[in-house]
Each structure stands twice: as structure tokens, then as C-alpha cells.
Amino acid sequence: MVRIIDRRFDSKNKSAVNRQRFMRRFKQQIRKAVSEAIHGRSIRDLENGEQISIPARDLSEPSLHHGKGGIWEQVFPGNDQFSTGDRIKRPLGGAGDGAGKGKASQDGEHEDDFVFQLSREEFLDLFFEDLELPRLIRTQLAKVTDYKTRRAGFTSDGVPANINIVRSMRGALGRRLALGSPWAARIRALQQELDEALARAGEDSEEVRDLREELAALRARIERIPFIDRFDLRYNNRVKEPRPTTQAVMFCVMDVSGSMDEERKSMAKRFFMLLYLFLTRSYEHIEVVFIRHHTVAKEVDEDEFFHSRESGGTVVSSALELMRNILRERYANGQWNVYGAQASDGDNWDNDSPVCGRLLGKEILPWCQYFAYVEITAGEPQNLWREYAKLEAAHDNFAMQRIESPADIYPVFRELFKKTIA
Amino acid sequence: MKTPRPRTRGRAAKAPLPSGSEWTVEAIDRYNEEIARAAAHYKLDTYPVQVEIITAEQMMDAYASVGMPVNYHHWSFGKHFLATEKGYKRGQMGLAYEIVINSNPCIAYLMEENTLTMQGLVIAHAAYGHNSFFKGNYLFRTWTNADAIIDYLLFARNYITQCEERHGEEAVELLLDSCHALMNLGVDRYKRPPRLSLAKEKLRQQEREEYLQSQVNDLWRTLPAHELRTDARAEARFPPEPEENLLYFVEKNAPLLEPWQREVVRIVRKIAQYFFPQRQTQVMNEGWATFWHYTLLNHLYDEGLLADSFMLEFLQSHTNVVAQPPYNSRWFGGINPYALGFAMWRDIRRICEDPDEEDRRWFPEIAGSDWLETFDFAMRNFKDESFVAQYLSPKVMRDFRLFAVLDDDHEDKLEVSAIHDDGGFRKLREILSDQYNLGAREPNVQVWNVDLRGDRSLTLRHTPFRRRPLGDGTDEVMRHLARLWGFTVRLERADDDGKVELLHEIRGETTRPRPPG
């Protein structure tokens with residue numbers, strides 16, 4: 001007597017609760033590991049989970065067991081050289097055959113790290129938690145929409161080119177059957193009577209002739225039901241649907257002049273990461289353009305963007321000009337949602353700031369979905385800030401904020417994106 | 001194995017069993033049917049079988065919750081799951097082909113990734129081998145109740161969930177941590193636990209809570225009869241006899257535990273008790289199951305039911321399972337219980353069927369007897385320790401080339417105390433048997449005294465076995481005990497010469513187990 005039960009489709013993730021509990025319990029260690037991991041990550045790399053390792057000794061489960069020492073007498077297999085009474089040197093480290101093997105090595109000995117994989121969600125939760133993120137924002141930005149037609153069933157009117165023949169004929173057939181059914185039933189009854197009458201009285205009788213006439217009349221009525229009628233016609237229906245464009249380009253503009261130190265760059269990086277992440281929630285395909293500038297601007301790859309250092313003065317307009325040019329060359333065909341984020345410490349060559357304001361207001365903002373400026377500084381606002389402040393009033397797709405410490409990044413980010421909803 | 005029966009291949013009345021690597025439910029059903037028939041032929045007495053097909057992920061779930069189909073939630077299971085998952089995903093380890101649960105009906109898990117051959121092997125191994133062992137062996141019969149275990153686990157999980165809802169997850173988690181730390185020392189070794197059943201547990205649990213609490217209060221009622229105490233009485237210890245089951249003692253006597261906490265302690269204790277026989281019968285049990293999958297499948301092959309391709313694949317994994325690397329191999333990880341057990345069972349059969357002079361000298365009572373009867377007797381009445389002491393034959397010791405090494409930390413060299421020669425067989429057997437003695441494997445720590453009239457402190461006494469000290473983590477375990485007990489706890493060591501030394505002392509309320517991080 002056997003029962004075979006296929007459990008493969010039963011509730012999965014039975015261990016999910018235990019896993020959560022594990023995560024909760026070791027949150028501190030995991031959080032620490034996550035924040036360390038962030039520094040080593042590429043900003044486009046947030047789609048993946050993260051391998052986390054915490055010291056195994058932090059999460060050991062203690063138990064009472066024998067330690068090393070005392071007398072151990074143990075049996076081993078595979079004797080190839082020993083005779084009774086042989087004396088052997090104690091193996092070094094006591095790890096081999098001999099000293100208190102087995103029990104002792106279970107706990108204290110190896111303090112290897114306990115390594116495991118965080119899923120993307122878990123990683124992001126922790127990532128945002130590090131920034132004191134209360135929850136992920138799910139607001140939608142205004143999107144450029146594109147239209148696409150798609151089939152949407154059938155309608156009863158339309159242009160002849162759209163007639164759906166099968167549907168129409170099916171309707172007609174049904175209608176004919178339905179309309180003819182009372183007479184069809186009568187015909188069957190008459191036919192039976194006729195057969196009986198024929199058998200009883202023969203072809204010539206009055207009764208048979210009447211029946212035949214009646215039958216003929218009924219058949220004629222059925223014949224008169226129209227083969228196809230106007231209301232049988234069905235047309236393929238197509239509707240136009242707005243479809244969000246699923247590609248976006250994100251410009252990361254950063255000041256790398258001497259005054260931007262590593263700490264500021266790291267803050268900028270986190271800000272760019274957030275923005276990138278935010279965009280991935282709305283767009284399938286995102287291109288990122290990195291522009292860094294001091295007195296001249298240059299388009300670079302990500303690695304160089306974050307890691308190389310420059311010194312010297314600052315001309316912000318150079319970067320904006322480059323951005324405008326790239327925008328015109330590559331992303332001007334209307335297929336792209338353009339986002340810009342600029343991070344700077346606010347230093348700029350004095351005469352340049354009005355130029356920046358003009359460039360941004362006239363030549364960039366009209367093309368952008370959104371442009372955010374963050375000033376990473378603890379000091380007084382600089383001239384660039386004042387210039388941009390004028391723009392903020394005039395353009396609702398422009399926002400600016402100041403970041404003083406890493407803890408500000410998320411609130412600032414939130415603030416920046418709140419504005420577009422309103 | 002050489003089968004003395006003449007081969008009857010070719011005259012099979014039945015169609016051969018399906019072969020190939022893909023399994024289907026029908027094929028599994030047919031395999032099971034034939035294996036059951038072969039098992040009946042050898043008079044294996046089993047619980048009804050329930051075969052469950054699961055995915056690798058579910059197998060990891062089962063792993064993480066110590067192989068049980070239901071279990072309460074705890075972070076340590078999550079940790080085990082993560083570790084298993086990591087190992088498995090990186091291909092560092094394979095999963096066990098099977099998990100079998102000592103329940104009635106006996107539940108055997110088959111992984112969907114297994115080939116048909118593996119499924120056949122697992123059915124023979126788990127659903128008939130282990131199953132009959134669970135049903136017959138005296139330890140399992142004494143300590144576990146196959147009819148009720150699933151019900152009990154269900155009760156336990158629901159109860160613990162309720163506690164979490166009422167008292168907060170954290171409180172329950174900390175309590176469970178402490179209980180888990182003492183789990184090893186939470187088993188009765190010489191008493192019969194009452195039978196468990198879901199209905200009865202539920203019914204009696206309320207009653208028990210109130211009763212226990214009243215008992216505890218009584219214990220600490222010191223006001224009356226104070227002047228009656230004499231000095232002789234004051235010296236009386238509580239408990240009068242040392243208690244080896246720490247969790248039991250805590251459950252019954254810890255002064256500050258709430259009723260629900262006592263119930264949780266009890267749950268952990270009961271589950272520890274359930275696994276107690278498994279820890280003591282590894283060699284026997286695995287050897288038994290391995291012997292039977294080998295014998296049953298060979299039986300079917302001899303009947304012409306199994307294809308050669310099946311046998312080749314089966315023998316290959318069988319050989320892997322019973323491999324015993326020598327002591328100096330990098331793969332050496334102690335004596336492989338599958339290998340030793342399998343060799344011993346086969347050897348017993350050989351002694352019964354085809355004894356030589358040596359066997360008659362060593363095993364006069366079984367040499368030449370009916371092997372099935374001898375097997376049945378041995379399976380029912382032994383555990384690893386006594387099984388090795390009784391049945392380990394010189395031949396097996398020679399085949400394994402066993403030798404014993406004495407490691408005394410007072411000496412600067414190790415000494416080979418016995419090898420597989422005439423002078424050493426008995427000594428070897430004794431040492432190996434001792435190695436499987438739970439009393440020697442686990443430290444002997446017992447509740448020694450509670451200072452009833454003073455600070456209510458609890459004293460444990462460690463009696464070292466051959467001067468072996470306690471390992472790392474002892475301090476941590478004592479902290480956990482202190483959390484359960486609520487007052488000062490101490491750990492002493494009583495040496496052979498009667499000297500008593502204080503090892504650890506965790507003082508009263510002030511200390512708590514180290515919080516994570």
C-alpha cells in the first residue's frame with residue numbers, strides 16, 4: 001500500500017519566514033556589509049542582489065560539547081604502517097587524526113565568514129534603509145507617450161475593409177437558424193404526418209395534397225429569411241492606446257574640480273544611483289551619459305566619472321553646452337525621455353553663472369522631462385545657486401536642493417521628486 | 001554480493017520494470033510495488049509508505065527545518081537554509097537524495113531531479129530500509145511515537161506562533177535561542193516519555209500550565225516551618241538526585257518562567273527527545289537501509305525485472321555511498337557510518353550463511369543460524385554502541401584495517417593502542433563501541449544543586465570523561481541557562497580525585513546572553 005504525493009507545486013518558500021527572521025536578527029551586521037558593498041558597486045548594478053558575508057562567529061549557536069584536551073582514544077580506518085605500541089608525533093595544529101577531533105572543530109575553530117546572497121529586493125530595502133528611507137516612492141513621472149493600435153474585439157459598425165467575414169457569417173447562420181426554428185419544427189411534424197398519410201391513403205388523397213402544399217409554403221417562408229443582413233456584419237475593432245515610451249536617457253553631470261573631494265563625490269554617486277533606480281521603475285531601457293567638467297567638459301565612462309580626479313577651476317557652462325550638443329545629436333528624435341542630474345559644490349567662475357542659467361533655461365529644459373540640481377556643500381549658496389534659483393520659479397521641470405551630509409540624500413531626493421507630482 | 005540462489009534471470013513472468021533516466025509517477029508506482037514485494041519476501045515489517053515528490057528547493061526547506069515537514073519558525077533554520085542554498089547553487093554540494101521521516105505512515109521524500117534509478121534506490125533505501133528500522137528498533141519504539149509526531153509538530157508550531165502573537169516575536173526568539181543551546185542536554189536517557197497526541201496535548205496543556213506554576217510557587221514558599229529546619233535539612237540538596245536533563249529541570253523548576261515559556265521549553269525538549277534515537281543508531285540504521293536497498297534491488301535484478309543499465313547506475317552510487325577513505329586521505333572525515341554499517345550487516349549474513357572457523361569461535365550463537373531471524377533480532381535490540389560491541393567481527397576490522405590511537409594530553413606522543421591483529425581485535429572493538437557511546441561523546445553535565453534557602457542559584461556539575469574539558473561556547477551556554485533560570489547559575493567541575501572547581505559563574509539578573517552584534 002503506497003501513496004505517492006506530488007508536492008512539487010505545494011507552497012514554495014516554506015523557509016521564507018525563517019529567512020526573514022535570520023535577516024532581522026542580524027540586521028546590523030548585514031546592514032554594515034551592505035553599506036560596504038555599495039562603495040564597490042557600479043551605479044548601474046543595482047538590479048542585482050548582493051553577496052553578503054558576515055563573520056560566522058557572530059551567528060554561532062552555542063552548545064555544550066567536549067573541547068580539546070584530556071584523553072581521546074579513537075579508531076581510524078586504513079592502517080598502512082602502524083603496529084601496536086607505535087608512538088607517533090602529534091600532528092601539528094591537532095587538526096589531523098588525533099587530538100580531540102570532530103567535536104572541537106565544530107564550533108570555535110573556523111571563523112570563516114558566513115556568506116549568502118541577498119535578493120535584489122532585500123538589497124534595495126537595506127540600501128534605502130541606510131539612507132533612512134521610509135518606503136520606496138512609486139509616483140510616476142510625466143511620461144512622453146506614444147500611441148499604438150491594438151486589436152480590441154469586434155464592433156457592429158466600421159468600414160468595409162474591416163469586415164470580419166467569419167464572425168459575420170457565424171452571426172448570420174445563427175440568426176437564420178433562430179428565425180427559422182418555429183417553422184422547421186412544424187415542417188418536421190408535417191413530414192411525419194405526410195409519411196403516415198402516404199402509407200395510409202396513397203399519393204392521391206386529399207389529405208396528402210394539403211400536407212404537401214402546406215409543406216411547400218413553409219419551406220418557402222424559410223427560404224425567405226435573408227441569407228445575410230446588415231446587423232450580421234462584424235468589423236474588426238482596433239483601438240489606439242497610449243503607450244509610454246520605454247526608453248530614457250539620464251545625464252549625470254558632475255563637477256570634478258579640485259574642490260570636489262572624495263566624500264562629496266560619494267554623495268553625488270549615491271544621488272545618481274537613486275535617480276537611476278527611480279528611472280528603472282518607469283523605463284525599460286535607460287542610457288546613462290556621464291559628463292564631468294572642470295574648466296572643460298568631457299563625456300566619460302562610469303569608471304572615470306567617479307574615480308579620476310582633476311584640479312583647477314570650474315566652468316559649469318562647458319558641461320551644459322556638451323549636454324546640449326549630445327542631446328541634439330543623439331536624443332533629439334522625440335523617442336527619448338530626457339532626465340538630467342547635476343551635482344556640484346556650487347563653485348563657478350563668476351561670469352559663467354548667467355551663461356549657465358541661459359543655457360539651461362533656453363536650450364536644455366525644454367527638452368527635458370526633468371532636471372535636478374544638487375549642491376553638495378555645507379557653506380553659503382554660491383552664485384550658481386542664485387542663478388538657478390531664478391530658473392526654478394519659471395520651470396516646473398527643474399528643481400534644486402542642497403545636500404550637506406549623506407543623511408540628506410534621500411530626503412533631498414524625495415523633495416526633488418515630490419515637486420513634479422504637484 | 002554473491003547470491004547463493006541460482007539465477008532465475010530470463011524466466012521472469014512479469015515485464016521488466018521501466019528503465020531510462022526519466023521517471024514518471026506510474027514508473028515509481030511500479031518500482032514501489034515490486035520493491036514492496038521483495039521486502040515482504042524478506043519479511044521486512046514496515047509502516048505504510050507515503051512517497052512525496054518534491055523540488056530541490058523544498059528539499060532545502062526540509063533540510064533547514066531538521067528534516068521535518070512542519071516545524072516552528074526560528075532564525076537558525078533560516079541560517080541553515082541560506083547555507084545549504086549557497087552550497088547547492090554553487091555546486092559545492094549535492095543534496096541528499098532522500099529524507100525519510102519516522103512517522104506513520106512513513107514519509108519518504110524523492111527529489112524531482114533524481115533519475116529513475118535513483119528514485120528506485122531511494123524507495124528501497126528509505127521507504128523499506130529505514131522504515132522497517134524505525135518500526136522495529138527498540139530505541140525508536142521507546143522514545144518516539146510515529147503516529148503522533150506530525151500532529152505534535154503541528155501543535156508545536158501553532159503554539160509557538162500563538163506565543164509570538166501574544167508575547168512578541170523577540171521574546172519567543174530569545175527563549176528559543178536559550179532552549180536550543182541546551183537542546184543536547186535536554187533529553188531523558190532512562191525514562192519513558194508519555195505518548196503524545198494532538199488532542200491530548202491541547203487538552204492537558206492548560207491544566208499543566210496551572211499545575212506547574214503552583215508547584216513552582218510551592219517550591220519557593222519559605223515562610224512556614226522555617227524554625228523547624230535543622231542543620232541536617234539545610235544541607236539536603238535539591239534536586240535530591242542529580243538531574244541530567246537540563247531542559248526538563250528548567251521546565252519543571254525554573255522559578256521565574258511564565259507558563260507559556262515552560263510550554264516552549266517543553267516543546268524543544270520533546271523534539272530533542274524525538275531525535276535522540278537517531279543520534280544513537282546512525283551506523284546501524286544507515287547500514288541497515290543500505291544493506292536492504294542493495295539486497296532488494298539485487299533480488300529484483302535476479303528476477304529479471306531490472307535492466308543492466310539500471311544496475312550499473314545503481315551500483316555506481318551505491319559504491320560512492322559506502323566508500324571509506326583511509327585516515328590519511330584528504331577525503332577522510334571519520335568512519336563512514338554507511339560503510340561500517342553496511343559491512344557489518346553483510347558480515348552478519350555471511351556468518352549466518354557461510355561461517356568459517358574464526359566465526360564459529362567468535363560468534364558461536366549466530367554462526368550457521370537463519371540469517372533473517374538473526375537480522376531481525378539484531379535490528380530490534382541494539383544501538384550503535386552495543387551493536388558494535390556485539391557484532392563487529394575480526395573480518396570487518398581486517399577489511400577496514402582499523403587501528404586505535406590513544407591521545408593523552410599529558411604525553412607528548414600519540415600511541416597506537418591496538419591494530420587489526422589477534423591481540424587487538426577485542427580492544428579495537430571496545431574502543432570503537434565506546435566511540436559510539438553517547439555518554440562519552442557528549443559531556444556529562446548535570447544539575448547538582450539549587451540553593452533553595454539562599455540566592456536560588458543553580459549549580460551544574462561537569463564530571464569530565466577521561467579528563468576531557470568543555471569546549472568553546474560553554475560560557476555562552478551558561479548565559480542562556482541563566483536567562484532561563486533567572487538567578488545566578490554556576491558550573492563546577494568534579495575531578496576524579498573528588499576535587500571540585502568552579503568553572504563559570506553567571507550572576508543573577510544582570511547578565512544576559514550576548515546580543516547579536
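This report describes the secondary structure, cores and selected local features of a predicted model with chains A and B.

## Overall composition

Chain A contains twelve helices and 13 strands. Of its 422 residues, 30% count as buried. Among the contacts in chain A that link residues at least 6 apart in sequence, 82% join residues at least 24 apart.

Chain B comes to 21 helices and nine strands. Its residues number 517, of which 45% count as buried. For chain B, 73% of the contacts between residues at least 6 apart in sequence join residues at least 24 apart.

## Nonpolar cores

In soluble globular proteins, nonpolar side chains tend to be buried together. The largest nonpolar core of this model has 162 residues, and the members that touch the most others are Ala108(B), Val264(B) and Val268(B). Beyond its neighbours within four places in sequence, Val264(B) is in contact with Ile160(B), Cys163(B), Val172(B), Leu175(B), Leu176(B) and Cys179(B).

Another core, of 55 residues, lies apart from the largest one. Its members include Ala319(A), Val338(A), Ala341(A) and Val374(A).

## Packing of H7 and H21 in chain B

Two packed helices are described by the angle between their axes and the distance between the axes. Helix H7 of chain B, residues 169–181, packs with H21(B) at an angle of about 125°, and the two axes are 9 Å apart.

The crossing of H7(B) past H21(B) is left-handed. From H7(B), the residues Asp177(B), Ser178(B) and Ala181(B) take part in the contact. They meet Val477(B), His480(B), Arg483(B) and Leu484(B) of H21(B).

## Backbone geometry in chain B loops

Most residues other than glycine have a negative phi, and most peptide bonds are trans. The peptide bond between Asn104(B) and Pro105(B) is cis, with omega about 0°. Pro105(B) is placed in the loop that runs between strand S2 (98–101) and strand S3 (106–111) of chain B.

Two residues other than glycine have a positive phi. For Lys43(B) the value is about 60°, and for Arg466(B) it is near 50°. Lys43(B) sits in the loop between helix H1 (25–41) and strand S1 (49–54) of chain B, and it is exposed because 11 other C-beta atoms lie within 10 Å. Arg466(B) belongs to the loop between strand S7 (458–462) and helix H21 (474–485) of chain B. Arg466(B) counts as partly exposed because it has 14 C-beta neighbours inside 10 Å.

## Local features of chain A

Ala161(A) is located in the loop between strand S6 (145–155) and helix H5 (165–201) of chain A. This residue has 7 C-beta neighbours inside 10 Å and therefore counts as exposed. Ala161(A) and Tyr235(A) are separated by 74 residues in sequence, while their C-alpha atoms are 8.4 Å apart in space.

An unreviewed UniProt entry lists residues 187–221 of chain A as a "coiled-coil region". In the model, this span is 89% helix and 0% strand. The end C-alpha atoms of residues 187–221 of chain A lie 11 Å apart.

How values were computed:
Residues are numbered from 1 along each chain as its sequence is written. Chains are lettered from A and ligands numbered from 1 in the order in which they are written. This is a predicted model: local features need pLDDT of at least 70, side-chain atom pairs count only at pLDDT 80 or more; totals for chains, interfaces and linings use all residues. Helices (H or I, at least four residues) and strands (E, at least two) are DSSP runs, numbered from the N terminus. A residue is buried if 20 or more other C-beta atoms lie within 10 Å of its own, exposed if 12 or fewer, and partly exposed in between; C-beta atoms are placed from the backbone. Two residues are in contact if their C-beta atoms, placed from the backbone, lie within 7 Å. A nonpolar core is a set of buried Ala, Val, Leu, Ile, Met, Phe, Trp, Tyr and Cys residues joined through C-beta atoms within 7 Å. UniProt positions are given in the numbering used here, feature names are shortened, and annotations may be inferred rather than shown by experiment. Axes are lines fitted to C-alpha atoms, for helices over the stretch in contact, and angles run from 0 to 180 degrees between N-to-C directions. A crossing is left-handed if the near helix is turned anticlockwise from the far one by less than a right angle, and right-handed if clockwise.
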